Amino acid sequence: MPSTQHLLLKQLLTAGTGPLARHRPRLPAMRLAFELMSFGQLMPWNVFLEDADIEGMPAEWVRPAGADASRVVLYLHGGGYVLGSLNTHRALVGTLAQRCGVTALAINYRKAPEYPFPAALDDARLAYHWLLGQGYAPANIMVAGDSAGGGLALALLLTLRDAAEPLPAAAIGLSPWTDLLLPVGKVRRVAQEESQVLEALEIRGWGPLYAAETPLAHPLLSPVQADLGGLPPLLIQISDAEVLGDDVQRFAAKARAAGTPITLQVFEGLVHWWHLFWRFLPEARTALDQVAEFTRQVWANAALPASRQAA
């Protein structure tokens, strides 16, 4: 059962639905509001930031004290491909890096509608190649992202696989957006409150803004449509009460059937983006601790001799 803290969060989101539906804020206003909300975030203690420039793309090193400098998580933030930034996800990336005990690199990839597909994917691939150029071995890189950033992480894997490029050690999707179609009939009754918020923000139109002239069913836009074989280990976290829940579970089943190692962790009754509220949601802290355990296990298995891995 969701915590008291989560019930309060859900009530606050529900209370905001009416004003949002009446005023229908435009994308620039939503971007500004998201940035302003990020001012209240506090970085975890002993996590340090350092600006980075990846061929003109703003990025940020997130370095917890005592972190393993030989390993890195490339983090791709969420925001429906149209909003979000280094600022909005800084605290989440900080606590994730700290819990995993590694450095993270967060990037400010280009957003739609100014920069439609494949701009965000090109930027994610640029960042991955840049890390290789910095001396990180593919086996010492993991890719992670939430919501649209989770879908972008999966699209990056598909792009690298299809180009026969070295793949990272694993990928982590926190409520990843795996199907941009978001058909009305798939908005489930259990996600009624959340779907009302999504409709008020007109989020159904964000996918087409990113896709532009590309069909929404393109596998690099909707990874659930892709051939999912030949990928590294995946960790996917989702709530059974999210609008995206059914699509993500369908993605997980398809990946498993294709032989891709996948860990699916389903949480009960939580709203989309619950990870962002890790400071006061115990479910978010539990989820991030499970991400950390997954990363440790993947890297521990990679260090074992092949004979022991097979056993």
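Predicted model: local features only at pLDDT ≥ 70, side-chain atom pairs only at ≥ 80, totals over all residues.

Me: How many helices and strands does the protein have, and what percentage of its residues count as buried?
Reply: Helices (H or I, at least four residues) and strands (E, at least two) are DSSP runs numbered from the N terminus, and by that rule the protein has 10 helices and eight strands. Buried means under 20% relative accessible area, exposed over 50%, and partly exposed in between, with a 1.4 Å probe and protein chains only. Of the 311 residues, the share that counts as buried is 51%.

Me: Among contacts between residues at least 6 apart in sequence, what percentage join residues at least 24 apart?
Reply: Contact means heavy atoms within 4.5 Å. Among the contacts in the protein between residues at least 6 apart in sequence, the share that joins residues at least 24 apart is 80%.

Me: How are H4 and H5 oriented to each other, and which hand does their crossing have?
Reply: Axes are lines fitted to C-alpha atoms, for helices over the stretch in contact, and angles run from 0 to 180 degrees between N-to-C directions. Helix H4 (residues 119–133) and helix H5 (residues 148–162) have axes 10 Å apart and pack at an angle of about 70°, which means that H4 is roughly perpendicular to H5, given that angles under 35 degrees count as roughly parallel, over 145 as roughly antiparallel, 65 to 115 as roughly perpendicular and the rest as oblique. A crossing is left-handed if the near helix is turned anticlockwise from the far one by less than a right angle, and right-handed if clockwise; the crossing of H4 and H5 is right-handed.

Me: Which residues of H4 and H5 meet, and how many of the contact residues are nonpolar?
Reply: From H4, the residues Ala120, Leu121, Ala124, Arg125, Tyr128 and His129 meet Leu152, Ala155, Leu156, Thr159 and Leu160 of H5. By class, the contact of H4 with H5 has one charged residue, two polar and, as the number asked for, eight nonpolar. Here Ala, Val, Leu, Ile, Met, Phe, Trp, Tyr, Cys and Pro count as nonpolar, Asp, Glu, Lys and Arg as charged, and the others, Gly among them, as polar, so the nonpolar number is eight.

Me: How are H3 and H9 oriented to each other, and how many charged residues does their contact have?
Reply: The axes of helix H3 (residues 86–100) and helix H9 (residues 282–303) come within 8 Å and cross at roughly 45°, and the two helices are therefore oblique to each other. Leu92, Thr95, Leu96, Arg99 and Cys100 in H3 meet Arg285, Leu288, Asp289, Val291, Ala292, Thr295 and Arg296 in H9. The residues of this contact of H3 with H9 divide into six nonpolar, two polar and, for the charged class, four.

Me: Is Pro176 buried or exposed, and which residues does it touch?
Reply: Pro176 has its place in the loop between strand S6 (170–174) and helix H6 (192–200), and because its relative accessibility is 1%, Pro176 counts as buried. Not counting residues up to four places away in sequence, Pro176 touches Ser147, Gly150, Gly151, Leu154, Ile236, Gln237, Leu244 and Val248.

Me: Where is Asn46 found, and what is its phi?
Reply: Asn46 is found in the loop between helix H2 (27–37) and strand S1 (47–54), and at 38% relative accessibility it counts as partly exposed. Although Asn46 is not a glycine, its phi is positive, at about 65°.

Key:
Residues numbered from 1 in each chain as written. Heavy atoms only, no water.
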